[in-house]
Amino acid sequence: MRLSESLNAPSWVVLQLVEECNLRCAMCYEWGETGAYHEKRQLASLELDVALRVIKECLPTKPYFELFGGEPLLHPGIWDVIGLIRESGCELAFPTNGTLVERCAERLVVYQPNRVWISLDGPEPINDSQRGRGVFKQAIRGLDALTAAKSRRGNRLPEVGITCVVTPANYQHIEELFLNTLDLSQIGLVSIELQSYATEAQYREYARLLREDFGVLSASYARAYVRDPALFSAMDREAITRQMQRVRASCAERGIRFFSQPKTIEIDNLDRYLKGDWAGMVDKRNRCAVPWAYAEVSARGDVTTCHTFYDSPIGNVHEQPLLEIWRDERLKQLRSHLRNGLLPICTACCRYYQ
């Protein structure tokens with residue numbers, strides 16, 4: 001993050017193109033068992049002209065862009081979005097559940113986003129138990145099609161990353177996925193992430209703070225993250241640690257960039273994460289620089305400074321240009337609060353560990 005530059009404009013911009021997703025992954029905070037989007041009567045899609053306007057507004061400072069969903073590849077204007085960002089010389093990455101990559105492979109290689117992250121949570125039966133029947137095969141066909149298209153055209157991009165969310169259902173199969181199932185020659189990045197969650201106590205304190213300090217009466221997005229740490233009690237910490245360390249070592253040998261959540265892969269540290277004892281973790285943080293560098297525009301046009309919590313927007317791009325919102329009083333109020341410490345459920349945000 002280029003913090004000094006980000007005071008006048010964000011150096012990291014995320015566009016949530018759609019709320020819609022074609023999967024219902026069990027652990028997803030949007031569409032999973034406790035997902036926030038089940039309550040929405042009508043799903044939003046960021047209008048193409050609005051998305052392009054926001055991108056053009058940000059281009060002078062050349063920020064790093066990401067796309068998000070739902071499933072980003074469901075947005076009908078995604079190629080215009082990717083094209084504008086990449087033709088302007090900016091870096092771009094986005095996640096996908098992999099089910100649409102096969103049919104989009106040629107265009108992905110032509111438009112060349114820098115990175116595409118495909119989500120897989122284990123070998124076929126384990127992955128599909130969390131993500132849906134047939135999803136693993138679709139994702140692998142997409143990976144193969146993308147590899148073949150890059151080879152035919154002699155293009156290096158997009159680089160492919162595999163992201164795996166560790167849950168009680170798949171924690172015994174991390175090593176099996178990466179070292180026995182996938183062809184690592186097709187992959188440039190790996191991310192293994194313990195499931196993000198917040199405790200009920202964190203949520204209640206967060207909801208109270210939003211209500212009393214920011215006038216926000218609902219925290220439905222954050223509610224979707226709430227889990228009882230007892231759900232993770234049977235997960236073998238030693239087995240998780242061993243597998244993550246082995247995958248990390250294998251990635252290092254192959255020149256594959258490796259990321260993890262949390263960063264420190266040690267038994268005690270993972271144990272504290274899974275128990276909700278964030279204060280005792282090696283990766284504990286007291287401050288977060290993200291709101292000084294980061295802007296995310298939701299499919300409804302709401303602007304936030306955190307990827308995870310949409311409950312308290314600082315503005316809407318249908319009403320104001322993004323850079324006006326970025327320099328407005330509501331963001332200053334949020335930053336003033338964050339100078340004194342984190343919000344109660346910041347530990348459930350994936351950006352917390354970056």
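Cys90 is buried, with a relative accessibility of 1%, where buried means under 20% relative accessible area, exposed over 50% and partly exposed in between (1.4 Å probe, protein chains only). Cys25 is also buried, at 8%. The model is predicted: local features need pLDDT of at least 70, side-chain atom pairs count only at pLDDT 80 or more, and totals for chains, interfaces and linings use all residues. Residues are numbered from 1 along each chain as its sequence is written, and side-chain values use heavy atoms, with hydrogens and water left out.

The whole structure contains zero disulfides, a disulfide being a pair of cysteine sulfur atoms within 2.5 Å. For Cys25, the nearest cysteine sulfur belongs to Cys21, 6.2 Å away. For Cys90, the nearest is that of Cys58, at 8.9 Å.

Two cavities of 30 Å³ or more are found. A cavity is a set of points, on a 1 Å grid over the protein atoms alone, where a 1.4 Å probe fits but cannot get out; lining residues have an atom within 4 Å of a point. The volume is the space filled by probe spheres set on the points, which are joined across faces, edges and corners.

The largest cavity holds about 290 Å³. Its lining has 20 residues, with Thr305, Cys306, Leu334, Leu338 and Leu343 nearest the centre. Helix H8 (200-214) and helix H13 (329-338) each give two or more residues to this lining; helices are DSSP runs (H or I, at least four residues) numbered from the N terminus.

The second largest cavity has about 40 Å³. Among its lining residues are Tyr29, Glu30, Phe68 and His307.

Conventions. On a 1 Å grid over the protein atoms alone, a cavity is a set of points where a 1.4 Å probe fits but cannot get out, and a pocket is an open set with protein on both sides within 12 Å along at least five of seven lines; lining residues have an atom within 4 Å of a point.
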